[in-house]
Amino acid sequence: MKRTPPLVTFLVTLVLAGCATARPAAAPRPVALGDADVEAVATLLRLEDRREYDSATLERISASSNPELRRRTALAVGRIRERRGLPLLVRLLADPDTAVAATAAFALGHLGDTAAVPVLVPFLTPQRAASAPTIVGEAALALGKLRTERGREAVEGFLRDVPLEGSGSRAMVGHALLAVWRFPRGGNAASVTRWLDSPDPELRWRAAYALTRRPDPAATLALARLAEDPDWRTRSFVMRGLTAPLADSSSLGTRSALRLLLVGLGDRNQAVRVSAARSLGTYPDPSSVGALVGALSGGDPHLAIAAAESLGRLGTGALNAAAALHTVALDTARTVSLRTAALAALAEAAPDDAAMVAARFAADSAWRARAAAARAYARVGPIPRPELDALVRDRDPRVVAAALEAVVGAPGAPLPALRPLLLESLRAADPIVRTNALTGLARLSDSTTLSAVLDAYGRAQRDTLNDAALAIFDVLEALRRAGTPVSGTFFARFDRSPDYLVRQRAVAAFGDTAARAWGPPLPVDTRRDPGEYIRIVREWVVPALAGRRPRARIVTESGTIDLDLYAADAPLTVASFLGLAERGYFNGQEWPRVVPNFVIQGGDPRGDTSGGPGYAIRDEINRHPYGRGTLGMALSGPDTGGSQFFITHSPQPHLDGGYTVFGQVTDGLATVDRVVVGERITRIVGLR
């Protein structure tokens, strides 16, 4: 048995002593901030933005008599993610104000230090749940993020012992159900399946979700019984969970599961239909293929895309669908996203046919079609081939980038033979072309490319996007692992990067060598003076706390989408989004990414999900969950947000705590459901 460190014992005692005074969660109420409070919030915002842990300042603000300042201190410590903040968060976990304590629990999960587990576990009891359900729920979510065996036992035990019906159970049990799947497999599914019988639909869909994220054959039959649940979310997750491997290893059996999926394919709700189509892609059965072909040819573009993708997953098992895929791929009346999905599926089901169809795509005037041709050629091989070589040198850099990505990632790609192409691509003007070439060079790991790679880093210093600069470190790491000395040459040649993401990547690659050469990567130089943070707080945070949230409207070809923006919880993100909108930045852009029953994504001036505004903003992770119609910031890694945003079609709990939530659709969900790739955003406007 491991000995509990004295500090942890002290912290647990401190929390338990304070828990008795915790109050149940109250309805949100307007919060007023005085001048001194505004300055304190601005100070916290500056520390978050700089990712700077200032112990004295955080301790001082955490001692405020204003609970809003204490709550924001807890959130700031979690966002800064400095483990020195653990004792401060533990103290705030015992705060008499429920909102403060719950935020401290949330922040402990985000901090990522497993030393918090012994502090959080005591909350996971029915007794604590009766007095502080909000804190219990956040403690469960935090334990899920920390992923320890002791945390798993606590969350599963809590779900096993709490009555199915009880006061305040929705929030805390709902959070526990959204935490339990994060633990490594091996737990007891019975603690989750009992909640499938809950009279509360909010808990049933969460239980179904948990079982799809951590599938267990023992639970499959219980899950299948909810295939006709009145709640569409529950039905959708049931459909998602009825995959052939799981059904085959359970008492349900594949024939029964297949029948349920075929019924689900005709459900009245689009999310359910899409989930059924995706699971049908695991059944190499004539009835499954036939049903997917029917969905492919129907009038619902999102369902048709899901059907095409599933036929692709079936590979040659969907050979009978080749004719339908061929027809849809060449039907210019269909959306470009469906046509490209059909071509990708055809490459898996009938490669020779796909090569012929790809030739038509390669001659298309639309760049998305030519990019799809490149992906298809790379998939069906051989590499190199003349048609693919032509696309690697296409007139549109987005096609070139897609072609390089496909070539480098193709199964059995002959990387040594591609070396001249990859080195040539390092001289391209487009940073994403260079980034994809660098990915190939990292896999090649050839010491003779070092000089060209270093030259590419010099070229990347002039980019407005940092993708190529970051990708260079992948190559350097690969070369170092292969025995090539690189760090001395690199740091002798290049001065400290002004981009803190590049500095962090350098430290991740070379550790103390990078730190000695360039200094610590943090804090971030945000080029904002303290007065600007005060202005942001007065303009965005103060009105939002008083109940006057800013709003925005997205006008797109399918209709309008109205949003409430969470300026109190993500002020820098909201200010950036509305600032870009005011400049007309989004006007005329296309929606570059739509994943049925997941998200629509916009805000990319390139149109291929690789673009941005030329700057990055820090994540403002908060307690808002990703439900249907939630507005989030798209990322390629921590703190890489810029202009790209997404709106969810349905609940996506796996995104919670990982991507900044900064708004919610209040009107226009039907428009969200209609948006397709390539459709234009007319404009985005702020509404006060």
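Is T609 buried, exposed or partly exposed? At 33% relative accessibility, T609 counts as partly exposed, a class that lies between buried (under 20% relative accessible area) and exposed (over 50%), with a 1.4 Å probe and protein chains only. The legends below concern a predicted model, in which local features need pLDDT of at least 70 and side-chain atom pairs count only at pLDDT 80 or more, whereas totals for chains, interfaces and linings use all residues. Residues are numbered from 1 along each chain as its sequence is written, and side-chain values use heavy atoms, with hydrogens and water left out.

View 1. T609 has a positive phi of about 70° although it is not a glycine, and its place is in the loop between β4 (599–602) and β5 (630–633); helices (H or I, at least four residues) and strands (E, at least two) are DSSP runs numbered from the N terminus. R51, likewise a residue other than glycine, has a positive phi near 55° and lies in the loop between α2 (35–50) and α3 (55–62). R51 is buried, with a relative accessible area of 9%.

**View 2. The ring pair of W205 and F237.** The structure holds 21 aromatic pairs, where rings of Phe, Tyr and Trp (its six-membered ring) pair if their centres lie within 6.5 Å, and planes under 30 degrees apart count as stacked, over 60 as edge-to-face and the rest as tilted. The rings of W205 and F237 have their planes at 25° and their centres 5.7 Å apart, so this pair is stacked. Because W205 belongs to helix α13 (residues 201–213) and F237 to helix α15 (residues 232–241), the pair ties together parts that are 32 residues apart in sequence. Both W205 and F237 are buried.

**View 3. The ring pair of F646 and Y659.** F646 and Y659 form an edge-to-face aromatic pair, with 6.0 Å from centre to centre and 80° between the planes. F646 lies in strand β6 (residues 645–648) and Y659 in the loop between β6 and β7 (661–667), so the pair ties together parts that are 13 residues apart in sequence. F646 is buried at a relative accessible area of 5%, whereas Y659 is partly exposed at 30%.

View 4. In helix α17 (residues 254–264), the residues A257, L258, L261 and G264 are buried. Seen down the axis of α17, these buried residues fall within an arc of 115°, so they line one face of the helix; the arc is that of the directions from the helix axis to the C-beta atoms. The face turned away from the buried side of α17 carries the exposed residues R259 and V263.

**View 5. Strand β2 and its partners.** Strand β1 (residues 551–556) and strand β2 (residues 559–565) run antiparallel and are joined by 6 bridges, where two strands pair if DSSP finds at least two bridges between them. β1 and β2 form a hairpin with 2 residues between them, and T556 has G559 in β2 as its bridge partner. β2 also pairs with β7 in the antiparallel sense, over 4 bridges, and the bridge partner of D564 in β7 is Q664.

**View 6. Two cis peptide bonds.** I383 and P384 are joined by a cis peptide bond with omega of about 0°, and P384 is found in the loop between α24 (367–380) and α25 (386–392). A cis peptide bond also joins L522 and P523, with omega of about 5°; P523 has its place in the loop between α33 (512–518) and α34 (530–545).
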